[in-house]
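User: I have a structure open and want to learn how to read it feature by feature. Can you take me through strands, helices and cores?

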Amino acid sequence: MALFFLDIRNFTPLIEKHPAFDVIQIVKKLFSAFQNIIRINHGKIIETTGDGFYAAFGFHGNVKEAVNAAVQSGLAILKILDRLNARSLEKSLSQRIDVGIGVHVGSVATGNLHLGAKDHFVIMGYPVNVASRLQTATKELNNNFIVSADVVNVLRDPLLEGESRTIHLKGVAEPLGVHLIGRTYA
């Protein structure tokens, strides 16, 4: 599967400056737009964490389609976020909203965990952790969209290669090849 992690940057200062209700409305608007993009690309949001979420692609079809759908979703999210910033968010908040996106691909386990009175669909495995760490690395590498070399190898698309680096991720034993396919933070 292709694993996709997204986090809103500088969320704490945003919530410090604006009433919580207003921030929640903004996050709802953003996540609704992001969820629509992911759904159109045959992905599914697995879990949200306040100002972030992770999604998976590859429930149907092959791994190349899953990886392409995840990357295209990320690019579309960045594009719509630019439009939303220009049209309303920068004016109403007096600041831009940026996100960090990390995408990785690999074999995972899926299933349901029964917690309380509900079943929760989960995806677990090393690739999930790597994708999460890639999203975190967007801060350190000052680039809003980072994919693993494995993602680029599956796509074999030179237009998406971006700047390549080898980095060390927290909790990951071996160095990982990555490609910075987004842009720097303002």
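Analyst: We will go through strands, then helices, then cores and single residues. Note that this is a predicted model.

User: Start with strands. How do I read the two faces of one?

Analyst: In a regular strand the side chains alternate between the two faces of the sheet. Take strand 3, residues 52–57. Gly52, Tyr54 and Ala56 point one way, while Phe53, Ala55 and Phe57 point the other way. All of these are buried.

User: Which residues of strand 4 point which way?

Analyst: Val99, Ile101, Val103 and Val105 point one way from strand 4. Gly100, Gly102 and His104 point the other way. All are buried.

User: Why is strand 4 called largely enclosed?

Analyst: Because 7 of its 7 residues are buried, strand 4 is largely enclosed by the rest of the structure.

User: Next, pairing. In which sense do strand 1 and strand 3 pair, parallel or antiparallel?

Analyst: Strand 1, residues 2–8, pairs with strand 3 in the antiparallel sense, over 6 bridges. Leu6 stands opposite Phe53 there. Strand 2, residues 43–48, also runs antiparallel to strand 3, with 5 bridges. On that side, Thr48 stands opposite Phe53.

User: How does helix 4 do on the span test?

Analyst: Helix 4, residues 126–141, reaches 22 Å from its first C-alpha to its last, close to the 22 Å expected. Check the axis as well: there is a kink of about 25° centred on Gln135.

User: What should I check at the ends of a helix?

Analyst: At the start of helix 3, a side-chain oxygen of Asn62 comes to within 3.0 Å of the backbone nitrogen of Lys64. Just after helix 3, Ser94 has a positive phi of about 60°. Just after helix 4, Asn142 has a positive phi of about 50°.

User: How do I read the faces of a helix?

Analyst: An α-helix has 3.6 residues a turn, so residues three or four places apart point the same way. With that in mind, look at the buried residues of helix 4. They include Val130, Leu134, Ala137 and Leu141.

User: On to cores. What do I look for?

Analyst: In soluble globular proteins, nonpolar side chains tend to be buried together. Here the largest nonpolar core has 40 residues. Phe4, Leu6, Leu30, Phe34, Phe57, Ile97 and Ile101 touch the most other members. Several elements supply at least two residues each, among them strand 1, helix 2, strand 3 and strand 4. Helix 3 gives the most, with 11 residues. A second, separate core has 11 residues, including Ala137, Ile146, Ile167 and Val172.

User: What does Phe57 touch?

Analyst: Beyond four places in sequence, the contacts of Phe57 include Met1, Phe4, Ile38, Ala66, Ala70 and Ser73.

User: Last, single residues. Is Ser148 buried or exposed?

Analyst: Ser148 is buried, since its relative accessible area is 0% and the cut-off is under 20%. This residue lies in strand 7. Its contacts beyond four places in sequence include Val103, Val105, Leu134, Leu176 and His179.

User: How does Leu113 read?

Analyst: Leu113 lies in strand 5, residues 109–115. At a relative accessible area of 38%, Leu113 is partly exposed. Leaving aside neighbours within four places, Leu113 is in contact with Lys118, Asp119, His120, Val122 and Met124.

Notes. Residues are numbered from 1 along each chain as its sequence is written. This is a predicted model: local features need pLDDT of at least 70, side-chain atom pairs count only at pLDDT 80 or more; totals for chains, interfaces and linings use all residues. Side-chain values use heavy atoms; hydrogens and water are left out. Buried means under 20% relative accessible area, exposed over 50%, partly exposed in between (1.4 Å probe, protein chains only). Helices (H or I, at least four residues) and strands (E, at least two) are DSSP runs, numbered from the N terminus. Two strands pair if DSSP finds at least two bridges between them. A polar contact is a pair of N or O atoms within 3.5 Å; within protein, one must be able to donate a hydrogen and the other to accept it, and residues adjacent in sequence count only if both atoms are side-chain atoms. A nonpolar core is a set of buried Ala, Val, Leu, Ile, Met, Phe, Trp, Tyr and Cys residues joined through side-chain atoms within 4.5 Å. Contact means heavy atoms within 4.5 Å. The expected span of a helix is 1.5 Å times one less than its number of residues. The bend at a residue is the angle between axes fitted to the seven residues ending there and the seven starting there.
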